[in-house]
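I am opening a notebook on this structure and will write down what I look up, one topic at a time.

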Amino acid sequence: MTQKVVIIGIGMAGTAHARALEDFPGVALIGGIDTCSRTLTFRDKEIPVYPSVFDMWSENKLRPDIVVVATPTPTHAQVCGEVNEYYRHVSIIVEKPAADNLEDAQRIICDIGDKQPVAVAYHMAFSPVVEWALEEVAERAGQLGSPIAIESWGADPYQSDLVSAQARLGNSWVDSGINALSVIERFVKPVKCTSLRPIGSPSWSVFEGTFICEADGQQLLATILTSWYSTAPSRWVRIRYSSGAELVMDHNAVAG
(Lines give C-alpha, C1' and ligand atoms only; values in the text may rest on other atoms or scores of the structure.)
Protein backbone atom coordinates (compact mmCIF):
# COMPACT_ATOMS: atom_id res chain seq x y z
CA MET A 1 0.00 0.00 0.00
CA THR A 2 1.31 3.45 -0.93
CA GLN A 3 2.09 5.79 1.96
CA LYS A 4 0.88 9.32 1.19
CA VAL A 5 3.11 12.10 2.56
CA VAL A 6 2.72 15.85 3.06
CA ILE A 7 5.72 18.08 3.87
CA ILE A 8 5.25 21.28 5.89
CA GLY A 9 8.07 23.76 5.33
CA ILE A 10 9.58 23.81 1.83
CA GLY A 11 13.02 25.14 2.76
CA MET A 12 16.36 23.33 2.82
CA ALA A 13 15.18 20.59 5.17
CA GLY A 14 11.80 20.11 3.48
CA THR A 15 13.27 19.79 -0.01
CA ALA A 16 15.89 17.36 1.34
CA HIS A 17 13.07 15.18 2.71
CA ALA A 18 11.30 15.33 -0.66
CA ARG A 19 14.43 14.20 -2.52
CA ALA A 20 15.03 11.37 -0.07
CA LEU A 21 11.44 10.13 -0.38
CA GLU A 22 11.86 9.74 -4.14
CA ASP A 23 14.00 6.66 -3.46
CA PHE A 24 11.09 4.77 -1.87
CA PRO A 25 8.67 3.27 -4.43
CA GLY A 26 5.95 2.80 -1.81
CA VAL A 27 5.80 6.52 -1.01
CA ALA A 28 3.87 9.28 -2.77
CA LEU A 29 4.31 12.97 -1.95
CA ILE A 30 0.84 14.46 -2.35
CA GLY A 31 1.20 17.99 -1.01
CA GLY A 32 3.30 20.67 0.59
CA ILE A 33 2.59 23.55 2.96
CA ASP A 34 4.59 26.77 3.23
CA THR A 35 3.74 30.34 4.23
CA CYS A 36 5.85 31.64 1.33
CA SER A 37 5.00 31.10 -2.31
CA ARG A 38 7.22 28.14 -3.13
CA THR A 39 7.16 25.22 -5.54
CA LEU A 40 7.65 21.54 -4.78
CA THR A 41 8.48 18.74 -7.20
CA PHE A 42 8.46 15.00 -6.69
CA ARG A 43 9.70 12.58 -9.35
CA ASP A 44 9.67 15.43 -11.91
CA LYS A 45 6.03 16.34 -11.18
CA GLU A 46 4.89 19.56 -9.54
CA ILE A 47 3.12 19.00 -6.23
CA PRO A 48 0.45 21.42 -4.92
CA VAL A 49 1.64 23.73 -2.12
CA TYR A 50 -0.82 25.33 0.31
CA PRO A 51 -0.27 28.34 2.60
CA SER A 52 -1.48 26.56 5.77
CA VAL A 53 -2.68 23.27 7.19
CA PHE A 54 -6.23 24.65 7.29
CA ASP A 55 -6.08 25.68 3.62
CA MET A 56 -4.98 22.21 2.55
CA TRP A 57 -7.64 20.56 4.70
CA SER A 58 -10.46 22.86 3.54
CA GLU A 59 -9.54 23.17 -0.14
CA ASN A 60 -8.52 19.68 -1.15
CA LYS A 61 -9.49 17.30 1.64
CA LEU A 62 -6.18 15.49 1.21
CA ARG A 63 -5.78 12.53 3.54
CA PRO A 64 -2.06 11.89 4.06
CA ASP A 65 -0.70 8.98 6.07
CA ILE A 66 2.46 10.85 7.16
CA VAL A 67 3.14 14.55 7.73
CA VAL A 68 6.76 15.77 7.84
CA VAL A 69 7.25 19.00 9.82
CA ALA A 70 10.35 20.79 8.49
CA THR A 71 9.56 24.37 9.50
CA PRO A 72 11.93 26.53 11.61
CA THR A 73 12.58 24.93 15.01
CA PRO A 74 10.70 27.55 17.10
CA THR A 75 7.48 26.83 15.15
CA HIS A 76 7.44 23.03 15.52
CA ALA A 77 5.02 22.90 18.46
CA GLN A 78 2.52 25.23 16.84
CA VAL A 79 2.63 23.37 13.51
CA CYS A 80 2.32 19.95 15.17
CA GLY A 81 -0.68 21.32 17.05
CA GLU A 82 -2.32 22.34 13.76
CA VAL A 83 -1.66 18.90 12.29
CA ASN A 84 -3.17 17.33 15.40
CA GLU A 85 -6.27 19.51 15.01
CA TYR A 86 -7.01 18.65 11.38
CA TYR A 87 -5.21 15.35 10.75
CA ARG A 88 -5.30 13.32 13.94
CA HIS A 89 -5.07 10.04 12.01
CA VAL A 90 -1.57 10.73 10.57
CA SER A 91 1.91 9.91 11.82
CA ILE A 92 4.03 13.04 12.38
CA ILE A 93 7.76 13.18 11.67
CA VAL A 94 9.39 16.32 13.13
CA GLU A 95 12.73 17.55 11.83
CA LYS A 96 15.33 17.64 14.61
CA PRO A 97 15.37 19.10 17.18
CA ALA A 98 11.76 18.74 18.29
CA ALA A 99 11.81 22.17 19.94
CA ASP A 100 14.08 24.89 21.32
CA ASN A 101 12.54 24.82 24.80
CA LEU A 102 11.33 22.15 27.23
CA GLU A 103 7.68 23.25 27.27
CA ASP A 104 7.29 22.90 23.49
CA ALA A 105 9.19 19.61 23.47
CA GLN A 106 6.85 18.17 26.10
CA ARG A 107 3.84 19.40 24.18
CA ILE A 108 4.99 17.66 21.00
CA ILE A 109 6.27 14.41 22.50
CA CYS A 110 3.88 13.96 25.42
CA ASP A 111 0.64 15.85 24.68
CA ILE A 112 0.38 15.41 20.90
CA GLY A 113 2.31 12.13 21.05
CA ASP A 114 -0.39 10.71 23.32
CA LYS A 115 -2.96 11.27 20.57
CA GLN A 116 -1.06 10.15 17.46
CA PRO A 117 2.40 8.79 16.52
CA VAL A 118 5.16 11.41 16.69
CA ALA A 119 8.80 10.73 15.75
CA VAL A 120 11.81 13.07 15.66
CA ALA A 121 14.22 12.75 12.72
CA TYR A 122 17.65 12.12 14.27
CA HIS A 123 19.29 11.48 10.93
CA MET A 124 22.93 11.45 12.12
CA ALA A 125 22.23 8.66 14.62
CA PHE A 126 21.26 6.33 11.78
CA SER A 127 23.75 7.44 9.14
CA PRO A 128 25.90 4.85 7.30
CA VAL A 129 29.04 5.75 9.26
CA VAL A 130 27.25 5.14 12.57
CA GLU A 131 25.93 1.78 11.37
CA TRP A 132 29.48 0.88 10.27
CA ALA A 133 30.86 1.91 13.66
CA LEU A 134 28.32 -0.21 15.54
CA GLU A 135 29.29 -3.23 13.45
CA GLU A 136 32.99 -2.60 14.15
CA VAL A 137 32.35 -2.30 17.90
CA ALA A 138 30.34 -5.55 17.93
CA GLU A 139 32.99 -7.47 15.96
CA ARG A 140 35.96 -6.13 17.97
CA ALA A 141 34.38 -6.04 21.44
CA GLY A 142 37.05 -8.32 22.92
CA GLN A 143 39.87 -6.17 21.55
CA LEU A 144 38.44 -2.71 22.23
CA GLY A 145 37.43 -3.10 25.85
CA SER A 146 34.98 -0.60 27.37
CA PRO A 147 34.44 3.00 26.24
CA ILE A 148 36.15 5.40 28.68
CA ALA A 149 35.65 8.84 27.08
CA ILE A 150 33.74 10.47 24.23
CA GLU A 151 34.33 13.75 22.40
CA SER A 152 32.06 15.26 19.77
CA TRP A 153 32.42 18.37 17.63
CA GLY A 154 29.78 20.00 15.42
CA ALA A 155 30.32 23.24 13.49
CA ASP A 156 28.50 25.12 10.72
CA PRO A 157 29.45 28.35 8.89
CA TYR A 158 26.39 30.33 9.98
CA GLN A 159 28.12 33.35 11.56
CA SER A 160 27.79 35.44 8.39
CA ASP A 161 24.02 34.83 8.35
CA LEU A 162 23.46 34.75 12.10
CA VAL A 163 20.00 36.33 12.23
CA SER A 164 18.55 33.87 9.72
CA ALA A 165 20.22 30.91 11.45
CA GLN A 166 18.90 31.97 14.84
CA ALA A 167 15.36 32.32 13.48
CA ARG A 168 15.48 28.88 11.86
CA LEU A 169 17.62 26.89 14.28
CA GLY A 170 17.92 28.73 17.60
CA ASN A 171 21.64 28.31 18.29
CA SER A 172 24.43 25.84 17.58
CA TRP A 173 23.63 23.74 20.65
CA VAL A 174 19.96 23.34 19.78
CA ASP A 175 20.86 22.56 16.16
CA SER A 176 23.88 20.25 16.62
CA GLY A 177 24.17 19.28 20.29
CA ILE A 178 20.99 17.25 20.32
CA ASN A 179 22.07 15.47 17.15
CA ALA A 180 25.43 14.61 18.72
CA LEU A 181 23.69 13.20 21.78
CA SER A 182 21.56 10.98 19.55
CA VAL A 183 24.75 9.47 18.05
CA ILE A 184 26.40 9.00 21.44
CA GLU A 185 23.27 7.28 22.76
CA ARG A 186 23.71 4.47 20.24
CA PHE A 187 27.01 3.51 21.93
CA VAL A 188 26.50 4.41 25.61
CA LYS A 189 23.68 5.58 27.88
CA PRO A 190 23.71 9.31 28.77
CA VAL A 191 22.39 9.63 32.33
CA LYS A 192 23.16 13.19 33.46
CA CYS A 193 24.12 16.58 32.04
CA THR A 194 26.83 17.98 34.31
CA SER A 195 27.34 21.31 32.51
CA LEU A 196 26.22 23.35 29.51
CA ARG A 197 27.88 26.71 28.88
CA PRO A 198 28.38 29.25 26.07
CA ILE A 199 31.96 30.12 25.13
CA GLY A 200 33.26 33.37 23.64
CA SER A 201 31.28 35.96 21.69
CA PRO A 202 27.50 35.34 21.40
CA SER A 203 27.84 35.73 17.62
CA TRP A 204 30.05 32.63 17.52
CA SER A 205 27.25 30.53 19.06
CA VAL A 206 29.81 28.20 20.67
CA PHE A 207 28.65 25.82 23.41
CA GLU A 208 30.22 23.10 25.52
CA GLY A 209 28.13 20.38 27.12
CA THR A 210 29.40 17.58 29.37
CA PHE A 211 27.49 14.42 30.20
CA ILE A 212 27.93 11.46 32.49
CA CYS A 213 27.27 8.25 30.54
CA GLU A 214 27.16 4.56 31.41
CA ALA A 215 28.56 1.55 29.54
CA ASP A 216 29.42 -1.96 30.72
CA GLY A 217 28.46 -1.00 34.27
CA GLN A 218 30.97 1.88 34.34
CA GLN A 219 30.61 5.65 34.07
CA LEU A 220 32.42 7.82 31.52
CA LEU A 221 32.41 11.46 30.44
CA ALA A 222 31.14 12.72 27.10
CA THR A 223 32.03 16.24 25.95
CA ILE A 224 30.17 17.93 23.10
CA LEU A 225 31.30 21.18 21.46
CA THR A 226 29.12 23.03 18.95
CA SER A 227 29.82 26.20 16.99
CA TRP A 228 28.71 28.46 14.18
CA TYR A 229 32.17 30.11 14.17
CA SER A 230 33.39 28.10 11.20
CA THR A 231 34.26 28.44 7.52
CA ALA A 232 33.02 24.96 6.60
CA PRO A 233 30.76 22.26 8.12
CA SER A 234 32.51 19.80 10.43
CA ARG A 235 30.95 16.99 12.49
CA TRP A 236 32.74 14.10 14.15
CA VAL A 237 32.54 11.85 17.18
CA ARG A 238 35.59 10.21 18.84
CA ILE A 239 35.17 7.32 21.31
CA ARG A 240 38.20 6.17 23.32
CA TYR A 241 38.31 2.60 24.65
CA SER A 242 40.11 1.04 27.59
CA SER A 243 42.46 -0.79 25.20
CA GLY A 244 43.78 2.56 23.95
CA ALA A 245 41.99 2.25 20.63
CA GLU A 246 39.85 5.10 19.33
CA LEU A 247 36.77 4.94 17.11
CA VAL A 248 36.33 8.08 14.98
CA MET A 249 33.26 8.96 12.91
CA ASP A 250 33.41 11.85 10.45
CA HIS A 251 29.76 12.66 9.72
CA ASN A 252 30.41 15.20 6.98
CA ALA A 253 32.71 12.90 5.02
CA VAL A 254 30.58 9.87 6.03
CA ALA A 255 33.79 8.07 6.89
CA GLY A 256 35.18 6.23 9.92
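**Entry 1: the second largest pocket.** I began with the second largest pocket, whose volume comes to about 320 Å³. This is a predicted model, and I keep that in mind for every entry below. I then looked up which residues line the second largest pocket, and found 13 of them, with Pro97, Tyr122, Trp173, Ile178 and Leu181 the closest to its centre. Helix 8 gives the largest share of this lining, namely five residues. Sorted by type, the lining of the second largest pocket has nine nonpolar, two polar and two charged residues.

**Entry 2: the largest pocket.** The lining of the largest pocket divides into 22 nonpolar, 15 polar and nine charged residues.

**Entry 3: the cavity.** How many cavities of 30 Å³ or more are there? I found one, and the space in the largest cavity is about 60 Å³. The residues that line the largest cavity include Met124, Trp153, Arg235 and His251. Strand 9 (147–155), helix 8 (172–184) and strand 13 (234–241) are the elements that give two or more residues to this lining. By type, I count five nonpolar residues, four polar ones and one charged one in the lining of the largest cavity.

Entry 4: I then followed the strands, and found six of them in an open sheet with the order 5-2-1-6-7-8 and parallel pairing. Strand 5 (49–50) and strand 8 (118–121) are at the edges and each has a single partner strand, so one side of each has no neighbour in the sheet. Within this sheet I looked at strand 1 (residues 3–8) and strand 2 (residues 27–33), which run parallel and are joined by six bridges. In this pairing Val5 stands opposite Leu29 in strand 2.

I also wanted to know which helices go with these strands. Helix 1 (residues 12–21) lies across strand 1, strand 2, strand 6 (66–69) and strand 7 (91–95), and runs at about 160 degrees to strand 1. Helix 4 (residues 102–112) packs on the sheet as well, where it touches strand 7 and strand 8, and its direction makes about 140 degrees with that of strand 8.

**Entry 5: strand 11 and its partners.** Is strand 11 (residues 206–215) mostly covered or mostly open? I found it mostly covered, since eight of its 10 residues are buried. On one pairing, strand 11 meets strand 10 (residues 189–199) in the antiparallel sense over nine bridges, and Ile199 stands opposite Val206 in strand 11. These two strands form a hairpin with six residues between them, and in the turn Gly200 has a positive phi of about 75 degrees.

The other pairing I looked up joins strand 11 to strand 12 (residues 218–227), again antiparallel and through nine bridges, with Glu208 opposite Leu225 in strand 12. Strand 11 and strand 12 also form a hairpin, here with two residues between them, and Asp216 in the turn has a positive phi of about 55 degrees.

How values were computed
Residues are numbered from 1 along each chain as its sequence is written. This is a predicted model: local features need pLDDT of at least 70, side-chain atom pairs count only at pLDDT 80 or more; totals for chains, interfaces and linings use all residues. Side-chain values use heavy atoms; hydrogens and water are left out. On a 1 Å grid over the protein atoms alone, a cavity is a set of points where a 1.4 Å probe fits but cannot get out, and a pocket is an open set with protein on both sides within 12 Å along at least five of seven lines; lining residues have an atom within 4 Å of a point. Grid points are joined across faces, edges and corners, and a volume is the space filled by probe spheres set on the points. Helices (H or I, at least four residues) and strands (E, at least two) are DSSP runs, numbered from the N terminus. Ala, Val, Leu, Ile, Met, Phe, Trp, Tyr, Cys and Pro count as nonpolar, Asp, Glu, Lys and Arg as charged, and the others, Gly among them, as polar. Buried means under 20% relative accessible area, exposed over 50%, partly exposed in between (1.4 Å probe, protein chains only). Two strands pair if DSSP finds at least two bridges between them. Contact means heavy atoms within 4.5 Å. Axes are lines fitted to C-alpha atoms, for helices over the stretch in contact, and angles run from 0 to 180 degrees between N-to-C directions.
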